[in-house]
Amino acid sequence: RVKLVRENVLLREEAKRFAFADEILGESELIRDLKDKISRVAPTNATVLITGETGTGKELVARAIHKGSLRKNENFLAVNCAAVAEQLLESELFGHEKGSFTGADKAKQGLFEAAHRGTLFLDEAGEMSLNLQAKLLRVLTDGEILRVGATASRTVDVRIIVATHRDLQERVKEGLFRDDL
């Protein structure tokens with residue numbers, strides 16, 4: 001009976017620890033290791049890079065990190081950087097001011113502002129242009145964004161989780177990804 005009670009307590013503790021990763025299925029050593037890494041990084045405010053082949057569940061990992069974080073009651077927003085044209089992606093991420101380009105008939109909040117106090121997941125960020133990478137670096141270092149067409153920056157408090165299937169070290173060597181990012 002004592003052995004069963006101890007085992008029950010341990011299993012309940014482990015279940016609580018991994019409850020936010022309930023959509024990640026499996027019992028292999030690799031899955032346990034992944035869940036353990038998620039449980040360690042989730043309660044921090046650290047920016048996270050998730051790598052892996054297409055279709056391996058990078059967004060599930062990002063959502064689990066968000067669900068296990070102190071930001072879990074705030075927005076989780078996701079954008080696939082490879083699926084959006086560069087000019088449109090800049091506006092989607094950073095927002096724009098009225099009149100900043102043809103068709104901008106009103107100011108628009110970007111995803112960084114919409115995710116304020118929450119989490120923004122940038123899927124396939126390895127596909128971002130060098131220009132957008134520079135702007136992302138500013139958000140990561142200073143917590144500031146500049147809407148397209150704006151002259152004053154805005155401060156945001158957003159956790160950024162980035163995913164890519166690309167080998168970023170190789171992209172750096174090719175001059176397609178910033179080494180400092």
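Modeller: Gladly! Let's start with E124, which counts as buried because its relative accessibility is 9%. Buried means under 20% relative accessible area, exposed over 50%, and partly exposed in between (1.4 Å probe, protein chains only). This is a predicted model, in which local features need pLDDT of at least 70, side-chain atom pairs count only at pLDDT 80 or more, and totals for chains, interfaces and linings use all residues. Residues are numbered from 1 along each chain as its sequence is written, and side-chain values use heavy atoms, with hydrogens and water left out.

Colleague: Where is E124 placed, and what is its phi?

Modeller: Most residues other than glycine have a negative phi. E124 has a positive phi of about 55° although it is not a glycine. E124 sits in the loop between β3 and α6 (130-142). Helices (H or I, at least four residues) and strands (E, at least two) are DSSP runs, numbered from the N terminus.

Colleague: Is R117 buried, partly exposed or exposed?

Modeller: R117 is partly exposed, because its relative accessibility is 49%. R117 also has a positive phi, about 75°, without being a glycine. R117 lies in the loop between α5 (111-114) and β3 (119-123). A glycine, G95, follows α4 and has a positive phi near 80°.

Colleague: Which residues of α4 are buried, and what covers them?

Modeller: In helix α4 (residues 86-94), the buried residues are L89, E90, S91, L93 and F94. Their cover includes β2, α5, β3, α6 and β4 (144-145).

Colleague: Now a residue in a strand. Which residues does A78 contact beyond its sequence neighbours?

Modeller: Contact means heavy atoms within 4.5 Å. Leaving aside neighbours within four places in sequence, A78 is in contact with E59 and F121. A78 belongs to strand β2 (residues 76-80) and counts as partly exposed because its relative accessibility is 38%. The C-alpha atoms of A78 and T51, 27 residues apart along the chain, are separated by 16 Å.

Colleague: How do I read a pair of helices, and at what angle do α2 and α3 cross?

Modeller: Axes are lines fitted to C-alpha atoms, for helices over the stretch in contact, and angles run from 0 to 180 degrees between N-to-C directions. The axes of α2 (residues 29-41) and α3 (residues 58-67) come within 8 Å and cross at roughly 40°. The two helices are therefore oblique to each other. Angles under 35 degrees count as roughly parallel, over 145 as roughly antiparallel, 65 to 115 as roughly perpendicular and the rest as oblique.

Colleague: Which residues of α2 and α3 meet?

Modeller: From α2, L34, I38 and V41 meet V61, A64 and I65 of α3. The residues of this contact divide into six nonpolar, no polar and no charged. Ala, Val, Leu, Ile, Met, Phe, Trp, Tyr, Cys and Pro count as nonpolar, Asp, Glu, Lys and Arg as charged, and the others, Gly among them, as polar.

Colleague: And the whole chain: how many helices and strands are there?

Modeller: The chain has seven helices and six strands, running α-α-β-α-β-α-α-β-α-β-β-β-α from the N terminus on. Its C-alpha atoms fill a box of roughly 75 × 35 × 25 Å, taken along the principal axes. Of the 181 residues, 37% count as buried. Among contacts with a separation of 6 or more, 69% come from residues 24 or more positions apart.
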